[in-house]
Amino acid sequence: MRKETLKIIFDAMSKMNINYEFMEWTSKPSYPYFTGEYQEFEPSGEDGEQETSFILTGFARDSGKEKTAYLALEDAKEKISAYFPKVGGKMVTAGSGSVVAIFYANCFYVPTGDAELKKIQINLIVKEWSVN
C-alpha cells in the first residue's frame, strides 16, 4: 500500500469527522476512535492492480448508566459504509496519477473483556493501480 493511499484514508476519516490514527491510538482517548492497519495480497494478474485488506478497528466506551458505545460505533459504521460503498466504491486519483478504489466489505464486533468498552472491526477492500 502506498503512503498516498494511507493519506486518502486519513483524509476520508477526517471528512467524516471520525477520530482516526494509523496503527495505534497515541492521543488521549476521544471516543469513539478508530485505528487502521492493512494486509497486502499477492497480485493475481499483470494489470498492475494491488489489492489490500484495510482494517479499521473502532473503540467506544459507555458513559455512566447510558449504553451509548454500540450506537456510536454503529453511527461510524454507517458513515464509513456510505462513504466507501460496496458497489462502485470510492474512486480517487492520487497525486502520482495512480488510481485507488476503496470498498466497504463487512464488519463484526470483537469482545474486549471490559463491560463498558466496545470494539468493532470494519474491513475495507483497497485496490490500487500504479502508473509506474
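Predicted model: local features only at pLDDT ≥ 70, side-chain atom pairs only at ≥ 80, totals over all residues.

Me: What makes the charged end of Lys90 count as sitting over the ring of Tyr83?

Reply: The charged end of Lys90 lies 4.8 Å from the centre of the Tyr83 ring. The distance cut-off is 6 Å, and the charge must also be within 35 degrees of the ring normal. The Lys90 charge is listed as sitting over the ring, so it counts under that rule.

Me: Why is the pair of Tyr83 and Phe84 called edge-to-face?

Reply: Their ring centres are 5.0 Å apart and the planes stand at 80 degrees. Centres within 6.5 Å make a pair, and planes over 60 degrees apart make it edge-to-face, so both labels follow. The structure holds seven aromatic pairs, and ring pairs also link Trp25, Tyr31, Tyr33 and Phe59 into a cluster.

Me: Why does Phe84 count as buried?

Reply: Its relative accessibility is 1%. Buried means under 20%, so Phe84 qualifies. Across the protein chain, 39% of the 132 residues count as buried.

Me: How do you know that the radius of gyration agrees with a compact globule?

Reply: For 132 residues, the globule rule gives a value near 14 Å; the protein chain has 16 Å, which agrees. Along its principal axes, the C-alpha trace spans about 55 × 25 × 25 Å.

Me: Which elements make up the chain, and in what order?

Reply: There are two helices and six strands. From the N terminus, they run α-β-β-β-α-β-β-β.

Definitions and conventions. Residues numbered from 1 in each chain as written. Heavy atoms only, no water. Phe/Tyr/Trp six-rings, centres within 6.5 Å; stacked < 30°, edge-to-face > 60°. Buried < 20%, exposed > 50% of the residue type's maximum accessible area, 1.4 Å probe, protein only. Helix = DSSP H or I, 4+ residues; strand = E, 2+ residues; numbered from the N terminus. Rg over C-alpha atoms; globule rule 2.2 N^0.38 Å.
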